[in-house]
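Please keep the structure in view while reading.

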Amino acid sequence: MGALLDQKYERLFSLLDANGDGVIAEDDFELMAGRVVAAFGEESSAKGATYADEMLNYWRALREAADADGDGRIDKDEFRQALSQVSDHFDTLVGPLYEAGFQLADRDGDGLVGKEDFIAVFVAIGVPAPEAGAAFDRLTGQDRQDGQLTKGRLMAAAAQFYRSEDPGDTASHLLYGAL
Ligand SMILES: [Ca+2]
Ligand SMILES: [Ca+2]
């Protein structure tokens, strides 16, 4: 694995370890899903339930790929291996989570997400607000829709985050803030 991909996986691991105990486990995903759903007041809606379900599906996919000893915990090395496997099936294993996150942030359902709502999701998963704002600007700078983000743009950047080794693609590398 290249150094850049390694840095991105490290960044993702530190965010996914929401309770900061050094391993990722189901409780991290429950914690993170709860924070995101609460940020939009969607605790008892179908949108919120879908997001929480997709969070757990993502966790199960990681666990299936990585948790060889079946203890329900994934450390950093296991995560690296799991993520590269899961990334090969981005559309089915990872994409639905981003899709559900986009629907949550697209409060009015017009297919576009504004900066404030984008920042709200990323702050809920642990990215500092200024870094989330800069990530939004990089994304929308390449595909401007009245300063709002399209789902296609987000999905493309997310897929690249998991896979791309091209150092020029800063919009996706820095999707989750500084590496
Ligand atoms: Ca943890
Ligand atoms: Ca919208």
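The points below cover the overall fold, the annotated spans and helix α6. The model is predicted. The protein chain holds 9 helices and 4 strands.

**Overall fold**
- The C-alpha trace spans about 50 × 40 × 25 Å along its principal axes.
- Of the 179 residues, 35% are buried.
- Counting contacts between residues at least 6 apart in sequence, 55% join residues at least 24 apart.

**Annotated spans**
- An unreviewed UniProt entry gives the annotation "domain: EF-hand" to residues 4–39, 54–89 and 93–128.
- Residues 4–39 are 75% helix and 6% strand, and the end C-alpha atoms of this span lie 31 Å apart.
- Residues 93–128 are 64% helix and 6% strand, with end C-alpha atoms 26 Å apart.

**Helix α6**
- Which residues of helix α6 (residues 115–124) are buried? They are D117, F118, I119, V121, F122 and A124.
- An α-helix has 3.6 residues a turn, so residues three or four places apart point the same way.
- The buried residues of α6 pack against the helices α2 (26–39), α5 (90–105) and α7 (129–141), and against the strands β3 (112–113) and β4 (149–150).
- Just after α6, G126 has a positive phi of about 105 degrees.

Methods
Residues are numbered from 1 along each chain as its sequence is written. Chains are lettered from A and ligands numbered from 1 in the order in which they are written. This is a predicted model: local features need pLDDT of at least 70, side-chain atom pairs count only at pLDDT 80 or more; totals for chains, interfaces and linings use all residues. Helices (H or I, at least four residues) and strands (E, at least two) are DSSP runs, numbered from the N terminus. A residue is buried if 20 or more other C-beta atoms lie within 10 Å of its own, exposed if 12 or fewer, and partly exposed in between; C-beta atoms are placed from the backbone. Two residues are in contact if their C-beta atoms, placed from the backbone, lie within 7 Å. UniProt positions are given in the numbering used here, feature names are shortened, and annotations may be inferred rather than shown by experiment.
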